[in-house]
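Let's read a model together, one feature at a time. Have the viewer open and follow along.

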Amino acid sequence: MQFSSCALILQRENRLHLCCVAALIALIILVATPRIPHSPNQHMFADMRNFLGVPNTLNVLTTYPYLLFGVPGLVFCLSGSCFGISLKGEIWGWVLFYSGIAAAAFGSAYYHLKPDDDRIIWDRLPMMISTVSLLSNLVIERLDERVGISCLISLLMLVFISATFERTFDDLRLCMIFHFIPCIAIPILVFLFPPKYTHSTYWFWATGFYLLSRFESLADMKVYSIDRYIISGHSLEHLCLAMLTFILTVMLWLRSIKISRDY
Ligand SMILES: [Zn+2]
């Protein structure tokens, strides 16, 4: 009841304030931090081994689980019968999420075959679209459909603005902010607002795998040396993000409506 009130207040009175505060925080971070230009080191990965003539083989191959889980998810969403999705806004959100994941299989593999400044956008853009879709889905199911759809449209616009910002000004800050938004926003939404569906603990597992993927990405070489140069942190990051997709697919498959929103 307390959580419902909290959601109600946020939905009706403070949603504009919340957006302004989020935009202000992003602006402060942007102004307070130095510009982060592209660096050649950014394209140097711990595991750059070539097997059977495929450059950066493991970093390329580990993107294909995205396709393995992204395409069935997309098909199930579009068929509209297998998944626990009850609102139209949610269908668009999940379709965009799975489309982004499936597209990331090609975009990321293309980038890792020859990592450079020109190709990195194909690695980043599909994943950013998936991330903001996921966040918007959570807003739709925890708060309100219209708020979630507005959130989805605004965040998609921000994704394209940040990609253009990165290319035009050679500055990675906005893209980096996007990487950390889900780490903060998803746990807050899950903790503060009541689930509309059953099996909501899967969101925690998904967040855990997202955090693990970020850690593995940052500790690429460290992880590679710890596992005796079998698989690098970056390749494991790809597998973690595929696992996150699998977990959310299982959640959608199993869940059913727990409470109905009457506001
Ligand atoms: Zn990658």
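Predicted model: local features only at pLDDT ≥ 70, side-chain atom pairs only at ≥ 80, totals over all residues.

Q: How many helices and strands does the chain have?
A: Both are DSSP runs numbered from the N terminus: helices are H or I with at least four residues, strands are E with at least two. This chain has eleven helices and zero strands.

Q: How far does H5 reach, and where does H5 bend?
A: The expected span of a helix is 1.5 Å times one less than its number of residues. H5 has 26 residues and reaches 38 Å from first C-alpha to last, close to the 38 Å expected. A bend is the angle between axes fitted to the seven residues ending at a position and the seven starting there; H5 bends by about 30 degrees at Ala104.

Q: Where does UniProt place the "transmembrane region" feature?
A: UniProt positions use the numbering here, with shortened feature names, and annotations may be inferred rather than shown by experiment. The unreviewed UniProt entry lists several stretches, including 94-113 and 171-193. Over 94-113 the model is 100% helix, with end C-alpha atoms 29 Å apart. Over 171-193 it is 87% helix, and the ends are 35 Å apart.

Q: Why is Asp118 called exposed?
A: Count other C-beta atoms (placed from the backbone) within 10 Å: 20 or more is buried, 12 or fewer exposed, in between partly exposed. Asp118 is exposed because it has 10. Asp118 sits in the loop between H5 and H6, and its C-alpha is 8.9 Å from that of Arg167, 49 residues apart along the chain.

Q: Which residues have the most contacts inside the largest nonpolar core?
A: A nonpolar core is a set of buried Ala, Val, Leu, Ile, Met, Phe, Trp, Tyr and Cys residues joined through C-beta atoms within 7 Å. The largest has 47 residues, and Tyr66, Ile101, Val139 and Leu244 have the most contacts inside it. Helices giving two or more residues to this core include H5 (88-113) and H11 (233-254).

Q: Leaving aside neighbours within four places in sequence, what is Leu244 in contact with?
A: Contact means C-beta atoms, placed from the backbone, within 7 Å. For Leu244, the partners are Ala206, Phe209 and Tyr210.

Notes:
Residues numbered from 1 in each chain as written. Contact = placed C-beta atoms within 7 Å.
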